[in-house]
Structures are given as C-alpha cells and as structure tokens.
Amino acid sequence: MKKIETKQEYQEYVDKKSPNSPILKNCFNAFWVGGLICTIGQIIFDFCEYKGFDETTCSTIVSIVLIGIAAMLTGLNIFNKIGKFAGAGSLVPITGFANSIVSPAIEYKSEGYVMGVGGKMFTVAGPVLVFGISASVLVGIIATFLV
Amino acid sequence: MDFLQSIDWMLLLRCFIVGGIICIIGQILIDKTKLTSARILVIFVTTGVVLGGIGIYKYVIDFAGCGATVPLLGFGANLAKGAITEVQNSGLLGAFIGGVKASAGGITAAIFFGYIASLIAKPKIKKQ
C-alpha cells in the first residue's frame, strides 16, 4: 500500500474507499434510532406524569435518565457502536451531549483527574454550553424589554 | 396495568416521527457538510434557543412531546424558556439565572455521570 503523507492524499484515499456515501441509508438509521431514543424518553415522561409529577419535573427526569443511560453505555463502549451505526440518530438527542462529556472524560483519564478528566470533559460540551447559555442570556435580555 | 392504558399511542408515534426527522436534519448536515460533530451540536442548541425565544418551538413540543424536547433543539428551547420565565419573575437578573436553572438537571447529570464513568471505565487503547 502506498504511504499516505499529506492530508490531501488521505482525503483522496478516504474518498476512494467510500465511493458512494450511502446518505439515504444513514438518514434512515438516524431516523429510527433517533426516533426510538425520543420515544423511550416519552415513555419515561408518561410514567413520571402517571406518578403525579408536574411537566417540568418530568422533563428533567427524562433528561437525567437518558443522560445516565448514555453515560453507562459510553463507559461500556457500546455507545460508540450505536453512534457508528446511527450517526446523528444518537448524536442529536440529549444522549449525544452526554456522550460528548463522558467520552473524553474516560479517554483522558491517563492525564489525571483534574486536568485530564475535569478539563477535557468539556472539549465538545464546553462550546455547546457557551453558545447555548450566551444565547439564552440574550433572549432573556430581549425579553426584559418586551415584558 | 393502569399505566399502559394511560399511554397516548398517537403521541408516541408523533414523538417517534418528529424526533426522527430532527435527527435526519442532523444526519444531512453530517453527510453534506464537513462540520464536526461539536459544531453540529452547537448549531442545534443555538437554533433551539432562537426557536424557543421567538416562541415557535413550544408548538412543536405540544405536538410531539419528547420528540421535540429530547433532541438538543429542545435543550436550547428549554434554556430560552427558562430565561424568559425567570425574567418575568425577577426582571433583568432572570436573564442570567433562568437558562441554566431550567437545564441544571441535565448539565449536572452529564457532569456527574461523566465523572463516575471515568472512575469506573478503562480508556480504550488506541491502535497506532
């Protein structure tokens, strides 16, 4: 095999190896896995509501349970496999956010618990929180003038 | 079982379809653009904040339940909703409190479970 030295050569190699990106198949897998994760969430939500919690509490419980499951599956190295199969199907639901925190936390354990686990945990989730929270502050400020 | 009878099956179906469609949008972004997954997550959350802020997203939530709240769009919408609710209660200060307050459970769970998982799980050794 020819040795790959530049980024461009690598890109060509990748393109050659994956000629027709099976976008329809990817979308189908993303659809049903993503839909299934949301449906599991809905069943948990219904169960909480059945137990008499209010709507906000139910949503929070759903998030926590799904995040817990995703963290466990990431630790068992199962989430990676689901992610490879489902693509955005497991990335876009809140499970993807959980995975983006848990995965580097485990990966960088060897760099120590403070700067490794504690620091690298937010490699992906950090930007998500920065932009999400900043945008919510802007929305809040705008709302102040409208209320 | 009473619980099974209380389930709204049509809502489950709508939840499945809407959640799936939101994921398809993400999949198209992955396949058709060279955006990294971090950027896609940021785009989804920020879009969610905007949609939540202008008040459209709550109709999607009414229609699809967790099909709308579980994807990251819902996380963003929840941040915006929290900020707006808190502004109504305590004025400008609410803009700084509301967002995180509303989504504190999810953020804290992810951090806590992440830390626990890192204590238990062994890092995968990368093949060079």
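Tutor: Among contacts in chain A between residues at least 6 apart in sequence, 56% join residues at least 24 apart, where a contact means that two C-beta atoms, placed from the backbone, lie within 7 Å. This is a predicted model, in which local features need pLDDT of at least 70 and side-chain atom pairs count only at pLDDT 80 or more, while totals for chains, interfaces and linings use all residues. Residues are numbered from 1 along each chain as its sequence is written, and chains are lettered from A and ligands numbered from 1 in the order in which they are written.

Chain A has eight helices and zero strands, helices being DSSP runs of H or I with at least four residues and strands runs of E with at least two, numbered from the N terminus. The contact between the chains takes 66 residues from chain A and 67 residues from chain B. On the side of chain A, the elements giving two or more residues are helix H2 (23–50), helix H3 (55–75), helix H5 (88–91), helix H6 (94–107) and helix H8 (122–146). Of these, H2(A) gives the most, with 17 residues. By class, this side has 40 nonpolar, 23 polar and three charged residues; Ala, Val, Leu, Ile, Met, Phe, Trp, Tyr, Cys and Pro count as nonpolar, Asp, Glu, Lys and Arg as charged, and the others, Gly among them, as polar.

A:Phe97 shows the contact in detail: leaving aside its neighbours within four places in sequence, A:Phe97 is in contact with A:Ala125 and A:Val128, and also with B:Leu41, B:Leu72, B:Phe75 and B:Ala110.
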